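Subject: Structure handover

Hello,

Here is the structure for your files. Please open it alongside this message; my notes follow below.

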Amino acid sequence: VRVIEPTGSSSAMAYAAAYRGAILALADRPEEAVPALRRARRMATAAGRGDLVALCLNYLGGAGAELHGEPELRHLRESIALARTGGFHEYTARGYTNLGELLYRYGRYEELAQCVEDGLAFTRERCFWSHAYNLEVHRYLLLMRRGEWAAAEQGLRELLDGRDDPGMLYVYSVPPYARLLARRGDSRAGAMLAEAWDRAARQRSMLGVAYAGLALVEWHWLTGNPAAAMPVRDVLLQRTERPGAAPIRAELMRYLARAGLGGGGAFDGCPEPYAAGLRGDWAAAAAGWRALGDPYEEALELADSGEVAATREALQMLERLGAGAAAALVRGRLREPGLARTPRG
């Protein structure tokens, strides 16, 4: 920006200003990014650069979401529409990937499915393979949520087998794959998650830290080593203080509570059904996950009920999913006094 400013080129200045705002957004500095991107958007409009207007809207949506949450997604939708109309293909592809990431975070699963479908058709036709990779990861994350674990595991494994090293996208695809392995009781998950966390910590992106960190916390809970999750907990709690990160913080708090590392109940802005689980209302939490179509989270809430019938139902659900690690924990609970006649599995 400093180099271009003396030239008087409004178009070049808008370009530099837009990318400065984008970098601030990517560097997790949304308080600076939002005003910078608004200024860049005004400059791009004055210069007649519709492509840069679309780019500014893209990152305004992401940075604004960190500060204010879900309503800011309107900027991303507007960015995609503008970029598609103007024929700005890479900015369109970038819009689909950034929107997909946030739709997954906020539990907008039906809209995410449509975004992924549209985005993959667009990116594959135009050979934007990095964006397509990102969208594929979020398609398999959605399948995980819906309990379609075999398809999700196969898809993620094919993504990883098809490339020597996906670069920065490693911290997108490896954590969900390793998380599935962890839920199945596969010991390979530990080393994979440790590597993913190390990369994410160095890379510092919110998404990488969230995906790797949440998976690692669950792994330590499932393997009976919750104390090992404390360094991850400390990083994630610090990184999720903004309103837009409430869903990530809520999932973290729920798994910390299961591991005996919780620091309180539901917080201000905590989304449901996590909030119900943190309040101890297992029935409302289970019903909420059932409505969202997430059988694993539903089963975990049923397992926390302390009631025989609900705990047995949880065990059956976990066995159908192939969630061997959590099923083993639930069988242990059924052997406790007052919860007799454990199914043999």
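Start with helices H7 and H9: Tyr133, Asn134, Val137, Leu141 and Met144 in H7 meet Tyr172, Ser173, Pro176, Leu180 and Arg183 in H9. Contact here means heavy atoms within 4.5 Å. Helices (H or I, at least four residues) are DSSP runs, numbered from the N terminus.

A word on the source: this is a predicted model, with local features needing pLDDT of at least 70, side-chain atom pairs counting only at pLDDT 80 or more, and totals for chains, interfaces and linings using all residues. Residues are numbered from 1 along each chain as its sequence is written, and side-chain values use heavy atoms, with hydrogens and water left out.

Helix packing

The axes of H7 and H9 are 9 Å apart, at an angle of about 25°. Axes are lines fitted to C-alpha atoms, for helices over the stretch in contact, and angles run from 0 to 180 degrees between N-to-C directions. H7 is therefore roughly parallel to H9 (angles under 35 degrees count as roughly parallel, over 145 as roughly antiparallel, 65 to 115 as roughly perpendicular and the rest as oblique). Their crossing is left-handed, meaning that the near helix is turned anticlockwise from the far one by less than a right angle.

H7 also packs against H8. H7 covers residues 129-145 and H8 residues 149-161; their axes lie 8 Å apart at about 155°. That makes the two roughly antiparallel. The crossing of H7 and H8 is left-handed. On the H7 side, the residues in contact are Tyr133, Glu136, Val137, Tyr140, Leu143 and Met144. They meet Trp149, Ala151, Ala152, Gly155, Leu156, Leu159 and Leu160 in H8.

Pro176

Pro176 is found in helix H9. At 3% relative accessibility, Pro176 counts as buried (under 20% relative accessible area; exposed is over 50%, partly exposed in between, with a 1.4 Å probe and protein chains only). Leaving aside neighbours within four places in sequence, Pro176 is in contact with Leu141, Met144 and Leu156.

Aromatic rings

The structure holds eight aromatic pairs. Rings of Phe, Tyr and Trp (its six-membered ring) pair if their centres lie within 6.5 Å; planes under 30 degrees apart count as stacked, over 60 as edge-to-face and the rest as tilted. Tyr104 and Tyr211 have ring centres 6.2 Å apart and planes at 90°, so this pair is edge-to-face. Tyr104 lies in H5 (residues 89-105) and Tyr211 in H11 (residues 206-222), so the pair ties together parts 107 residues apart in sequence. Tyr104 is buried at 13% relative accessibility, and Tyr211 is buried at 11%.

Tyr211 also pairs with Tyr172. Their ring centres are 6.4 Å apart and their planes at 70°, so the pair is edge-to-face. Tyr172 lies in H9 (residues 170-183) and Tyr211 in H11, so parts 39 residues apart in sequence are tied together. Tyr172 is buried at 6% relative accessibility. Tyr104, Tyr109, Tyr172 and Tyr211 form one aromatic cluster.

Charges over rings

The charged end of Arg199 sits over the ring of Tyr170, 3.8 Å from its centre. The cut-offs: NZ of Lys or CZ of Arg within 6 Å of the ring centre and within 35 degrees of the ring normal. Arg258 lies over the face of Tyr255, at 4.8 Å from the ring centre.

Best regards
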